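Subject: Structure for you, plus notes

Hi,

Here's the structure I promised to pass on.

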Amino acid sequence: MKTMTCRQLGGPCDLAHTGETADDVINAQDKHLRQAVKAGDAAHEPAREDMKGRWRHPKKSLGWYRDMKKAFAELPEG
Ligand SMILES: [Zn+2]
């Protein structure tokens, strides 16, 4: 298991997401952004919009996914 924070995934806080794969933490971040914005947290809105844009334009967003997967791969296990 590895951990990436909201901030490492483009968000504004230090909440940690743990997962076996980069997709796990990206999905956890997506959920976290959705919940934060729903709860009225304006600080998470830009990151939420970015994430929504990524689902809408997956080809344009490949670079971001590649960066996140690379960052995840380089994290120490634990
Ligand atoms: Zn956050």
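Below is what turned up, going from strands to core to rings to charges.

First, the ground rules. This is a predicted model, so local features need pLDDT of at least 70 and side-chain atom pairs count only at pLDDT 80 or more, while totals for chains, interfaces and linings use all residues. Residues are numbered from 1 along each chain as its sequence is written, and side-chain values use heavy atoms, with hydrogens and water left out.

Helices and strands are DSSP runs numbered from the N terminus (H or I with at least four residues for helices, E with at least two for strands). Strand 1 (residues 2-5) and strand 2 (residues 16-19) run antiparallel and are joined by four bridges; strands pair if DSSP finds at least two bridges between them. Lys2 stands opposite Gly19 of strand 2. The covered face of strand 2 has His17 and Gly19, and the uncovered one has Ala16 and Thr18.

On to the core. I'm calling residues buried under 20% relative accessible area, exposed over 50% and partly exposed in between (1.4 Å probe, protein chains only). A nonpolar core is a set of buried Ala, Val, Leu, Ile, Met, Phe, Trp, Tyr and Cys residues joined through side-chain atoms within 4.5 Å. The largest one here has 13 residues, and those with the most contacts inside it are Met4, Leu9, Ile26, Trp64, Met68 and Phe72. Helix 1, helix 2 and helix 3 each supply at least two residues of this core.

Trp64 deserves a paragraph. Setting aside neighbours within four places in sequence, Trp64 is in contact (heavy atoms within 4.5 Å) with Leu9, Ile26, Met51 and Arg54. The charged end of Arg54 sits over the Trp64 ring, 3.7 Å from its centre; the test is NZ of Lys or CZ of Arg within 6 Å of the ring centre and within 35 degrees of the ring normal.

Rings of Phe, Tyr and Trp (its six-membered ring) pair if their centres lie within 6.5 Å, with planes under 30 degrees apart counted as stacked, over 60 as edge-to-face and the rest as tilted. The structure holds two aromatic pairs. One of them is Trp64 with Tyr65, edge-to-face at 5.1 Å centre to centre and 85° between the planes. Both of these residues are buried, and ring pairs link Trp55, Trp64 and Tyr65 into a cluster.

Now the charges. A salt bridge is a side-chain nitrogen of Lys or Arg within 4 Å of a carboxyl oxygen of Asp or Glu, and the count comes to six.

- Lys69 and Asp23 meet at 3.8 Å, N to O. Lys69 is in helix 3 (residues 62-74) and Asp23 in helix 1 (residues 22-38), 46 residues apart. Lys69 counts as partly exposed because its relative accessibility is 40%, and Asp23 does too, at 39%.
- Asp30 and Arg48 have their closest N and O atoms 3.4 Å apart. Asp30 lies in helix 1 and Arg48 in helix 2 (residues 45-56), so this bridge ties together parts 18 residues apart in sequence. Both Asp30 and Arg48 are buried.
- Glu74 and Lys70 meet at 3.4 Å, N to O. They are four residues apart in helix 3, so about one helical turn separates them. Glu74 and Lys70 are both exposed.

Salt bridges that share partners also join Asp30, Arg34 and Arg48 into one network.

Cheers
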